[in-house]
Amino acid sequence: MASVGQEVDPVTRPPGPSAPRAWPEAERLSRLPSFRVLVRRRGRLAWGLCGLLVAAFFGFLLFVSLAPAAAALPLGATGLTLGIAAGIGVIALAIAVTGLYVRRANRSIDPLRRRVREAGQWSGLARPGAGE
Amino acid sequence: MIGLDPTGGRGRPAIPALVGACWLALGAGSASADPVVSRIDRAPVDGLAIAVFAVLVALTLTVGHAMAWWMRGHRRAGGALESDPVRNGFAIAGEFMSAASLLGIAGLIYSFGFDGLVFSVGWLMGWPLILMLVADPLRNLGRYTFADVAALRFRPGPVRSFAAVGSLATVFFYLIAQMVGAGRLIQVLFGLPYPTAVIVVGVLMILYVTFGGLAATVWMQIAKALFLIVGTSALAFALVIDGSGSADGLFTRAAALHPAGPGLLAPGGFIGGPVEAVSLGCALMFGTAGLPHILMRFFTIADTRVARRAIMIATGLIGYFYLLTFVIGFGAIAVVLDAARPDHLHMPPGPGAEGFSVAQIVGGANMAAIHAADAVGGRLLFGLVSAVAFTTILTVVVGLMLAGATAIGRDLYALSLARGRAGERDELRVTRIAMVVVGAFSVVLGIAFEDHNVALIVSLAFTIAASGNFPVLMAIMYWRGTTTRGIVVGGWLGLGGALAMIATGPVIWRDLFGHERALFPYVNPGLFSMTLGFVGIWLASVTDRSAAGARERASYLAQSVQAQIGSASGGTPADPPPLAQDPPRGFEK
């Protein structure tokens with residue numbers, strides 16, 4: 001904490017004229033096995049779920065714009081069509097994905113994150129003027 | 001590439017009409033020979049509806065302000081609000097849901113059927129994305145907007161002016177949509193000519209923002225979300241119950257009454273082809289992540305777990321709301337086009353009405369939801385839904401005007417033009433002037449965009465955010481090769497490209513300027529301008545050989561560690577939200 005408190009410069013303005021500033025603590029932390037597990041798990045969760053949503057949504061768009069006749073097929077007597085059902089399905093998927101992410105992030109990612117933080121002296125990037 | 005003419009078949013160029021419209025507005029009533037005015041005479045003016053409307057609008061504003069005032073004394077005590085995911089969820093949802101979506105999506109479905117669903121789905125898609133890819137890392141970084149994140153590692157000056165112009169452009173399109181929605185509402189409710197209605201709305205909003213309406217408080221947002229959910233639920237259920245006596249389902253009845261027939265339930269009425277659809281999808285899904293200040297509330301909740309749960313609740317509410325807009329759109333067709341309820345159309349369908357068009361609806365297709373309320377629930381529901389729409393528009397406008405004026409006053413004037421040497425009073429003065437100018441501009445543009453669907457106009461705001469802010473944000477967060485040069489070049493390319501393609505596209509070049517054909521063929525350029533932004537960032541970054549660029553790349557590691565694990569205080573941002581924040585010290589020298 002103390003070392004960061006003295007920093008008044010933004011991250012990219014090291015005391016020296018032009019040499020890239022070194023971040024030894026960040027480098028040490030980034031090599032920790034627990035950090036790697038955190039990055040992998042969080043990345044898989046977030047990017048995987050995002051990929052799923054992007055695929056579902058753009059799949060829906062391509063389906064209704066490339067095969068409008070198929071999208072207009074009626075399901076039952078209410079006039080509900082395949083396209084409308086698909087759209088409602090994508091909305092439901094988005095809500096489900098959000099729920100899943102919140103659950104996983106709260107239950108398994110956050111504890112991992114705490115563990116990495118406790119393993120190092122990381123106290124955050126320098127915030128100009130902030131004495132943390 | 002829009003299949004049907006969004007100007008509702010009239011297709012007149014708006015700019016010449018604009019001059020006439022302003023003149024008309026000044027001498028309102030004297031030009032009754034004009035078809036526009038005689039048409040408006042038939043708007044359903046009604047004492048009860050206006051009374052319900054006035055009481056509800058006044059009530060929401062008073063309750064919002066009273067709660068805010070009452071809470072002010074309790075805030076320091078570390079109120080219960082902070083730790084309540086439900087209330088925060090409502091507040092987050094309140095900040096995002098707007099009456100423009102309700103009016104616009106219902107209007108799109110009323111005119112074109114199925115394609116309105118694409119908007120309903122697309123606007124929800126941005127939420128999970130923003131939570132997973134943007135909000136969590138930003139929280140860990142203790143930063144709220146992409147300009148603030150950028151200031152961590154990159155030269156803040158050029159990034160800030162790009163961010164300010166991007167915000168302004170987004171805010172303008174958003175404001176136009178709100179103005180059109182509110183103007184139409186006042187037109188239908190009070191029977192005023194449209195231009196007069198927009199001017200009245202504009203003046204009211206500028207006054208409200210300038211004198212004390214500045215605080216778009218949590219309670220205001222909660223009240224707004226509650227109102228919107230209750231109002232749209234009431235309308236949707238009334239519409240469903242209204243049709244429950246009939247043997248046919250909602251969609252079948254709508255298709256039977258609509259001129260498009262069974263084609264109403266098929267895609268392609270509004271969105272022409274796969275390229276247009278994907279392009280619109282990019283804007284709706286990725287634009288949310290680039291909107292200025294959209295997730296402010298998420299960052300002010302101290303406990304991360306509570307914040308995530310609040311977002312979960314907000315997503316549920318927003319999804320429910322967008323489903324309702326869809327039901328309301330089809331329900332509106334079933335009741336407004338019903339020959340037994342002729343009050344809502346200038347020329348009801350039936351014998352002798354050859355070439356009947358849905359554009360005959362009083363006040364334009366944007367008012368489909370409002371007419372539906374009147375048709376199924378009488379004057380009471382009509383007043384209620386109008387009041388809900390108007391107050392929600394008002395709160396959105398307050399936020400937008402504030403964001404626009406702050407972009408001018410703080411980012412462009414105080415930090416960029418005056419290079420941090422402007423005093424607080426200068427900045428405040430410029431911000432106030434900017435507020436009036438932004439308001440006046442949006443009135444003029446609101447009149448010009450009279451006949452456009454408000455959801456379409458809002459989607460253009462999202463296109464701008466998806467093309468400028470979104471690629472920059474992604475590059476900053478997830479690509480270690482990003483440099484200031486890349487951000488500036490790519491950001492301006494995406495932003496400028498989006499603006500240029502919108503300006504030469506069908507909405508502005510053809511419909512507003514009255515040219516025969518648009519130079520750029522697609523209504524929504526999102527796919528192209530977003531790609532332009534990403535490519536620009538990449539190309540300008542990899543060719544950047546400067547020492548500053550090397551420093552910026554080297555600092556990525558520290559940022560990514562921080563984004564993963566947060567700071568020692570548990571990832572809670574210690575700073576006040578940027579709107580209330582002083583200019584960062586030491587940055588702008």
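Helix 3 of chain A packs against helix 6 (residues 116-141) of chain B at an angle of about 170°, and the two axes lie 10 Å apart. The model described here is a predicted one. With angles over 145 degrees counted as roughly antiparallel, helix 3 of chain A and helix 6 of chain B are therefore roughly antiparallel to each other. Their crossing is left-handed. From helix 3 of chain A, the contact draws on Ala46(A), Leu49(A), Cys50(A), Leu53(A), Phe57(A), Phe60(A) and Leu61(A), while helix 6 of chain B contributes Val118(B), Val121(B), Met125(B), Pro128(B), Leu129(B), Met132(B) and Leu133(B). Sorted by class, the residues of this contact are 14 nonpolar, no polar and no charged.

Setting aside neighbours within four places in sequence, Phe57(A) is in contact with Val90(A) of its own chain and with Val121(B), Met125(B), Gly281(B) and Met285(B) of chain B. Along chain A, Phe57(A) and Trp47(A) are 10 residues apart, and their C-alpha atoms are separated by 15 Å.

Chain A brings 64 residues to the contact and chain B brings 65 residues. On the side of chain A that touches chain B, the elements giving two or more residues are helix 2 (24-31), helix 3 (33-66), helix 4 (68-71) and helix 5 (82-118) of chain A. The most comes from helix 5 of chain A, which gives 19 residues. Taken by class, this side of chain A holds 41 nonpolar, 15 polar and 8 charged residues.

Chain A itself has 5 helices and 0 strands, and its elements run α-α-α-α-α from the N terminus on. Of its 132 residues, 30% are buried. Among the contacts of chain A between residues at least 6 apart in sequence, 71% join residues at least 24 apart.

Chain B is likewise described by its helices, with 23 helices and 0 strands. In this chain 61% of the 589 residues count as buried. When contacts between residues at least 6 apart in sequence are considered, 84% of those in chain B join residues at least 24 apart.

The axes of helix 6 and helix 14 (residues 304-336) of chain B come within 9 Å and cross at roughly 170°. That angle makes helix 6 of chain B roughly antiparallel to helix 14 of chain B. Residues meeting here include Trp123(B), Leu124(B) and Trp127(B) of helix 6 of chain B, and Ile311(B), Tyr322(B) and Phe326(B) of helix 14 of chain B. The class tally for this contact is 11 nonpolar, 7 polar and 1 charged residues.

A further pair in chain B is formed by helix 5 (residues 99-112) and helix 15 (residues 368-417), whose axes come within 9 Å and cross at roughly 140°. Helix 5 of chain B is thus oblique to helix 15 of chain B. Among the residues that meet are Leu102(B), Leu103(B) and Tyr110(B) in helix 5 of chain B, and Val388(B), Thr392(B) and Ile393(B) in helix 15 of chain B. This contact has 11 nonpolar, 2 polar and no charged residues.

Helix 4 (residues 85-96) of chain B has 12 residues, which at 1.5 Å a residue should span 16 Å; its end C-alpha atoms are 16 Å apart, in agreement. Because 10 of those 12 residues are buried, helix 4 of chain B is largely enclosed by the rest of the structure. The buried residues include Pro85(B), Phe90(B), Ile92(B), Glu95(B) and Phe96(B).

Finally, Gly526(B) belongs to helix 21 (residues 526-542) of chain B. Gly526(B) is buried, with 32 other C-beta atoms within 10 Å. Apart from neighbours within four places in sequence, Gly526(B) is in contact with Ser279(B), Leu280(B), Cys282(B), Ala283(B), Thr463(B), Ala466(B) and Ser467(B). Gly526(B) and Ala498(B) are 28 residues apart along the chain, with their C-alpha atoms separated by 7.0 Å.

Key. Residues are numbered from 1 along each chain as its sequence is written. Chains are lettered from A and ligands numbered from 1 in the order in which they are written. This is a predicted model: local features need pLDDT of at least 70, side-chain atom pairs count only at pLDDT 80 or more; totals for chains, interfaces and linings use all residues. Two residues are in contact if their C-beta atoms, placed from the backbone, lie within 7 Å. Helices (H or I, at least four residues) and strands (E, at least two) are DSSP runs, numbered from the N terminus. Ala, Val, Leu, Ile, Met, Phe, Trp, Tyr, Cys and Pro count as nonpolar, Asp, Glu, Lys and Arg as charged, and the others, Gly among them, as polar. The expected span of a helix is 1.5 Å times one less than its number of residues. A residue is buried if 20 or more other C-beta atoms lie within 10 Å of its own, exposed if 12 or fewer, and partly exposed in between; C-beta atoms are placed from the backbone. Axes are lines fitted to C-alpha atoms, for helices over the stretch in contact, and angles run from 0 to 180 degrees between N-to-C directions. Angles under 35 degrees count as roughly parallel, over 145 as roughly antiparallel, 65 to 115 as roughly perpendicular and the rest as oblique. A crossing is left-handed if the near helix is turned anticlockwise from the far one by less than a right angle, and right-handed if clockwise.
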